[in-house]
Amino acid sequence: MQSASLVPSGRPRAVVVEQHRQGRPDGAALLSFSRRGPATAVTLLGDAVGPVPGGRPPSRLLARDDDVARRLAEGVLETLDRLRGPWTMRLGGLPLGDPTVRHLAAALPSASLANARSRRLVDELDSVADVVRTTDPAGLDRWLPAVLDRLPAPDRPFVRASARLHAAVGALELAVVPGDDAPAALLLTLLDPVSGDRWPWWGASAVGGLRRELGSPVVTLTASAGLRVLGRR
């Protein structure tokens, strides 16, 4: 088991469980460490990036089995032990029943768990209008400015880069309902080329055909420690 910095700054860190360095990891937690006043804030890497698709847990603490999950939790705890000064930790958007979360919660006296239901986007555009759908990256580039115009400015760089990346590997569908001066509806859907699974990501419509419904439950673990030795239960 090892904790290694991913970049020279040391802010992102990977806690990895592996049998040997030449093999494939059995478990991994990708974390981000940042200073917030006198404390270090620990979150999942990419936690603040978005928008991400709803309806499913957006985050993972990868572990092959429960024993690996226990060892992964121990690696996270050892990383926390080496921090100087107080820290706060928030690991959000994880699957309900995640075994690593269970082991962390059992070991941290300050730990608390909060469950919530995610909400997923439902594509019913074909029931309200004639829809043009494409997986062609050139088609995405044509309509991407219209998508970005409907997004808050801070979200645009992530959506632009992520959409182009998924389109390049055939994992993105763009649906458009043409309008007179601008599209009446736009929808980005992630595709799994192997299973055929469709995961609506982001959409906007002036003609209906898009709604949200309850999705899978997700769990958030929060914990903190002050200027004292981290206790273990």
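## An aromatic pair

F158 has a relative accessible area of 27% and is therefore partly exposed, a class that lies between buried, under 20%, and exposed, over 50%, as judged with a 1.4 Å probe on protein chains only. This is a predicted model, in which local features need pLDDT of at least 70 and side-chain atom pairs count only at pLDDT 80 or more, while totals for chains, interfaces and linings use all residues. Residues are numbered from 1 along each chain as its sequence is written, and side-chain values use heavy atoms, with hydrogens and water left out.

The structure holds one aromatic pair, where rings of Phe, Tyr and Trp (its six-membered ring) pair if their centres lie within 6.5 Å, and where planes under 30 degrees apart count as stacked, over 60 as edge-to-face and the rest as tilted. The ring centres of F158 and W201 are 6.5 Å apart and the planes stand at 80°, so this pair is edge-to-face. W201 counts as buried, because its relative accessibility is 5%.

## Charges over rings

Two arginines are placed over aromatic rings: R13 lies over the face of F33, at 4.6 Å from the ring centre, and the charged end of R56 sits over the ring of W199, 4.3 Å from its centre. A charge is said to sit over a ring if NZ of Lys or CZ of Arg is within 6 Å of the ring centre and within 35 degrees of the ring normal.

## The chain as a whole

The protein chain has four helices and 12 strands, and its C-alpha atoms fill a box of roughly 65 × 40 × 35 Å, taken along the principal axes. Of the 233 residues in the protein chain, 41% are buried. Among contacts in the protein chain with a separation of 6 or more, 67% come from residues 24 or more positions apart, where contact means heavy atoms within 4.5 Å.

## How the helices pack

Helix α3 (residues 137-149) packs with α4 at an angle of about 165°, and their axes are 11 Å apart; such axes are lines fitted to C-alpha atoms, for helices over the stretch in contact, and angles run from 0 to 180 degrees between N-to-C directions. The two helices α3 and α4 are therefore roughly antiparallel to each other, given that angles under 35 degrees count as roughly parallel, over 145 as roughly antiparallel, 65 to 115 as roughly perpendicular and the rest as oblique. The residues that make this contact include P137, L140 and L144 of α3, together with V159, A163 and A167 of α4.

The crossing of α1 and α2 is right-handed, and the contact is made by residues including A69, L72 and V76 of α1 and P99, H103 and L104 of α2.

## Loops and a cis peptide bond

A cis peptide bond, with omega about 5°, joins G50 and P51, and P51 lies in the loop between β4 (39-44) and β5 (62-63). When neighbours within four places in sequence are left aside, D155 is in contact with both G50 and P51. D155 is found in the loop between α3 and α4 and counts as partly exposed, at 22% relative accessibility. The C-alpha atoms of D155 and L104 are 32 Å apart in space, although 51 residues separate them in sequence.

P109 is found in the loop between α2 and β7 (112-123), and this residue is partly exposed, with a relative accessible area of 46%. The C-alpha atoms of P109 and A223 are separated by 8.1 Å, while the two residues are 114 residues apart along the chain.

## Two residues in strands

T43 is found in strand β4 and counts as buried at 15% relative accessibility. Not counting residues up to four places away in sequence, T43 touches L30, L31, S32, R90 and L91.

R117 has its place in strand β7 and counts as partly exposed at 47% relative accessibility. Not counting residues up to four places away in sequence, R117 touches L214, G215, S216 and P217, and its C-alpha atom is separated by 9.8 Å from that of E213, 96 residues apart along the chain.

Technical notes:
A crossing is left-handed if the near helix is turned anticlockwise from the far one by less than a right angle, and right-handed if clockwise.
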